[in-house]
Amino acid sequence: MFITKTFISTSIALALACLSLPSTSSASPLEGLATRSPKVKVYHTCSVSGSAALTFDDGPYKWHDQLVNELNKKGAKGSFFLNGNNYGCIYDYAEQIRDTYNSGHLLGSHTWSHADITQLSRRDLHTELSKVETAFKKILGVKPLYFRPPFGNINTEAREVLAERGYQGAFLWDQDSGDSVGKSISYSDKIYRKTSNTFPTPHLVLNHETYKTTVKDVVPQALPELQRQGYSLVTATECLDLGDDSGSWYEHVGGREERNDSWQC
Ligand SMILES: *[C@@H]1O[C@H](CO)[C@@H](O)[C@H](O)[C@H]1NC(C)=O
Ligand SMILES: [Zn+2]
């Protein structure tokens, strides 16, 4: 009995050893590929002391100009994560987007339709990204290299797809003005006051350019508040020391185009 048992377990061990050799060697190229696949970096906050990056999602929309003028007036830079077709159609804001780009603000992608990228197939995610890239190419002659995931949702697969397409970073946030969940102006003001009081701790702040109150009330108050405490208001790339000139924020892919029938949402 004892001998038989030992014999059996030895046989099993041997069989397993034999099995594990081919299975390991056939699985490892795939596994190796999966672990070696580059993944885009995800940033949850800023790193440069004394800097704050105000970010604005979901545009372009009808208050875009006003917001950019407000930032320009105060010598502040913003970061805009644009959709292709969400509140507005990106092609209808081409002139405004060019002005924003020329004023040195950061423009990044937020997907074409504000999709939850963790719910998409790889193929659909490629489409969501490529349509925004096409719009950037036509409007600006560049491809965006920075991204903000809608709803803040991102996973390994999406990070791999973003890296495959050449993206250099995905930004989340450490402060949320609360505008997209219906918080009041006074709530957002309080968030900014609290944020200001932590100077020089760097911050990455979430806002949406699609709320009138964000553009007309919250931001005009927040900018001087932050600056009074000493914050320098820079792009998300600058507050993370990822490059301080737009040469590294985009890939140049040709000249801007003239509007024609292909500019459709
Ligand atoms: C629009 O313009 C681009 C660039 O000049 C050109 O390649 C494309 O064929 C045009 N498309 C249409 C539908 O006119
Ligand atoms: Zn969004």
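Visitor: In which loop is the place of Pro-60?

Guide: Please bear in mind throughout that this is a predicted model. Pro-60 is found in the loop between β2 (51-57) and α2. The peptide bond that leads from Gly-59 to Pro-60 is cis, with omega near 0°.

Visitor: Which residue does a cis peptide bond join to Pro-200?

Guide: The partner is Phe-199, and omega of this cis bond is about 5°. Pro-200 itself belongs to the loop between α6 (185-196) and β9 (203-208).

Visitor: What is the phi of Phe-151?

Guide: Phi is positive at Phe-151, about 65°, although this residue is not a glycine. Phe-151 is placed in the loop between β6 (146-147) and α5 (156-164).

Visitor: Which residues of α2 and α7 meet?

Guide: On the α2 side they are Gln-66, Leu-67, Glu-70 and Leu-71; these meet Val-215, Lys-216, Val-219, Pro-220 and Leu-223 in α7.

Visitor: At what angle do helix α3 and helix α4 pack?

Guide: Helix α3 (residues 94-102) and helix α4 (residues 122-140) pack at about 80°, with their axes 10 Å apart. The range from 65 to 115 degrees counts as roughly perpendicular, so α3 and α4 are roughly perpendicular to each other. Ala-94, Ile-97, Arg-98 and Tyr-101 of α3 make the contact with Lys-138, Ile-139 and Leu-140 of α4.

Visitor: How do α4 and α5 pack, and at what angle?

Guide: The angle between α4 and α5 is about 45°, and their axes are 10 Å apart. That angle makes α4 oblique to α5. Their crossing is right-handed. From α4, the contact involves Arg-122, Leu-125, His-126 and Leu-129; from α5, it involves Glu-157, Ala-158, Glu-160, Val-161, Leu-162 and Glu-164.

Visitor: Finally, which residues are around ligand 1?

Guide: Glu-257, Asn-260 and Ser-262 are the residues around ligand 1. An N or O atom in the side chain of Asn-260 is 2.2 Å from an oxygen atom of the ligand. On its own, ligand 1 has 360 Å² of accessible area, of which the protein covers 36%.

Technical notes: Residues are numbered from 1 along each chain as its sequence is written. Chains are lettered from A and ligands numbered from 1 in the order in which they are written. This is a predicted model: local features need pLDDT of at least 70, side-chain atom pairs count only at pLDDT 80 or more; totals for chains, interfaces and linings use all residues. Side-chain values use heavy atoms; hydrogens and water are left out. A residue is near a molecule or strand if one of its heavy atoms lies within 4 Å of it. A polar contact is a pair of N or O atoms within 3.5 Å; within protein, one must be able to donate a hydrogen and the other to accept it, and residues adjacent in sequence count only if both atoms are side-chain atoms. Accessible areas come from the Shrake-Rupley method with a 1.4 Å probe; for residues, only the protein chains shown count as cover. Contact means heavy atoms within 4.5 Å. Helices (H or I, at least four residues) and strands (E, at least two) are DSSP runs, numbered from the N terminus. Axes are lines fitted to C-alpha atoms, for helices over the stretch in contact, and angles run from 0 to 180 degrees between N-to-C directions. Angles under 35 degrees count as roughly parallel, over 145 as roughly antiparallel, 65 to 115 as roughly perpendicular and the rest as oblique. A crossing is left-handed if the near helix is turned anticlockwise from the far one by less than a right angle, and right-handed if clockwise.
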